[in-house]
Structures are given as C-alpha cells and as structure tokens.
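Here is a friendly briefing to read alongside the model. Please have the sequence and structure open as you go.

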Amino acid sequence: MSSAIVSQPHAVDANKRKRSVMIVVACTFIGALAQVLIKFGAVHLEHANFLSTALSIFTVPSLFAGYCLYGVFAVLLVYALRDAELSIIYPVIALTYVWVSILSVVVFHETMSPLKTIGVGIIVAGVAVLGRGGTR
Amino acid sequence: MTTPVSSMAFVLGGSVIGSVGAAFLKSGALVLHGHWSRILVNWRLGIGIGAYLLSSVFFLKGVSNGELSVLYPMVSLGYICTLAWSRIFFNEALTFSKCAGVGLILIGIIFLGIGNSG
C-alpha cells in the first residue's frame, strides 16, 4: 500500500521527464536548422569586429531567420525546463551537434568522416542514458 | 593551423555565459504560470535569452578562426558549470547516470571536433 503511494509520483515525474526530453529533441532540430542558416550568413562576417558581428543579426537575412528560429528554440526549451531538471535538459541540447552533422551531409554535401560518425553515435548514447535514467 | 588565445577565450567565455543563461531560463520557467504571453514579461527569461544570444555571438567569434579539435572540447566547461548551477541553485541530484550521460556527450563532442578539423 505505502509503496504504491510512494511510487506514483515517481512514475508521473518519469513521464514528465520523458515528455520534456522529447520536446528538447525537437528543439535541438530547430536549433540545428538555425545554425545552418547562420552558417549561410556567417560568410559576411569574415573580417567583422565584435559590434558589426552583433549588428549583422539584423542586417543579414539568413542570420535574422536563424536567430528567429533560435527564438522558437528558446520558447520550447523553457517549456521543457518547467517540468524537467536543468541537469538533464541542458546536456540533451548537445543533440544539436548530431542534427548539424546530419544536415551538413544533406544540405552542404559534406562527407561524414568515421570520427564524426563515432562522435554522433556517442552523443546519442549519452542522451539516451540521460533520458532513461536521469533521476536515479 | 594554430588556435589563437582570443578564440579560446571566446569559446570558454561563451560556454560559461550560456550555462548562466540556462540557469536563468530554468528559474524563469519555474515561476511561469497562466497564459503563454506571460513569457514576455518574465525578467528571468529575458536575462536567460540575452545570455544565450551573447554566448552564441561569442561562439561565432571563437570558432571563426582556430582548430575545432581544440575549441570544441572547451564547451565542456559549460556542461560542468550547468551541473554545478543545477546542484547549487535548484538542488538537483548529481546521479551516476547524469554524470555518465554528460561524460559520453563530451567524449562525442571531442570526436566531432577532431572529425571536423580534418
């Protein structure tokens, strides 16, 4: 009887955590799209100083679109953070690297070296460890 | 190709600023109630988003020159800081699986940094 009372909140927390982790997974894909757009725009920044780099967010269209997607990213991140621990959610944001690597192959036709493939695999494994058993 | 100290400073600084931003977003998210538009008048979220933007400008400057195999592992400072803020400010447990997950992610980032440099 007492174990049922104790275990129920844990079950709810685990479901909320998984939902939040799934939100962040979607969030990181949006973040990766933002980075690809920013990479398109970053060629304008080659010899820019610090101030003009900051201002270019508003003057270069692809940079502006990229940072707008970062806005969507931020809103989703806040909703995920509401129900889950920061120490789980923040590391999951590293999935952005995975999506960027995949998008680099798809969009920029870059080759996926064995080292990058290993890196992507290890990051996904790390995220899976966080998503499954973060609270234990 | 060598990595300028300024690039390292931008990446390390950006990592710490980003982790502080995440902590503000978390504290802002905790006091978020009612209609979604409340998100616009939450000063904690404002600081968090500002810090995030600033950290991305730092990253953009940092990785624009220098070796990614050197610069990518430096983002680990941000992850370590975030675990510290989680423990100190939000009283979150520092469990084995969290440390293992973060450790794997950092090893993966190091591999990506080396892979991207080649």
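**Confidence and contacts**

Residues are numbered from 1 along each chain as its sequence is written, while chains are lettered from A and ligands numbered from 1 in the order in which they are written.

**Confidence in chain A**
- Helix H1 (residues 2-42) of chain A has the lowest confidence in that chain, with a mean of 76, and helix H4 (residues 86-92) of chain A has the highest, at 93; helices are DSSP runs (H or I, at least four residues), numbered from the N terminus.
- Over residues 1-9 of chain A the pLDDT is below 50, and beyond near neighbours in sequence this stretch has zero contacts in the model.
- Where pLDDT is low, the predicted coordinates should not be read in detail.

**Where the chains meet**
- 37 residues of chain A are in contact with 40 residues of chain B; contact means C-beta atoms, placed from the backbone, within 7 Å.
- H5(B) gives the most to the side of chain B that touches chain A, with 15 residues.

**One helix pair**
- Helix H2 (residues 50-59) of chain A and helix H2 (residues 43-62) of chain B pack at an angle of about 120 degrees, with their axes 11 Å apart; axes are lines fitted to C-alpha atoms over the stretch in contact, and angles run from 0 to 180 degrees between N-to-C directions.
- Phe50(A), Thr53(A) and Ala54(A) in H2(A) meet Val57(B), Leu60(B) and Lys61(B) in H2(B).

Methods:
Predicted model: local features only at pLDDT ≥ 70, side-chain atom pairs only at ≥ 80, totals over all residues. Helix = DSSP H or I, 4+ residues; strand = E, 2+ residues; numbered from the N terminus. Contact = placed C-beta atoms within 7 Å. pLDDT = per-residue confidence, 0-100.
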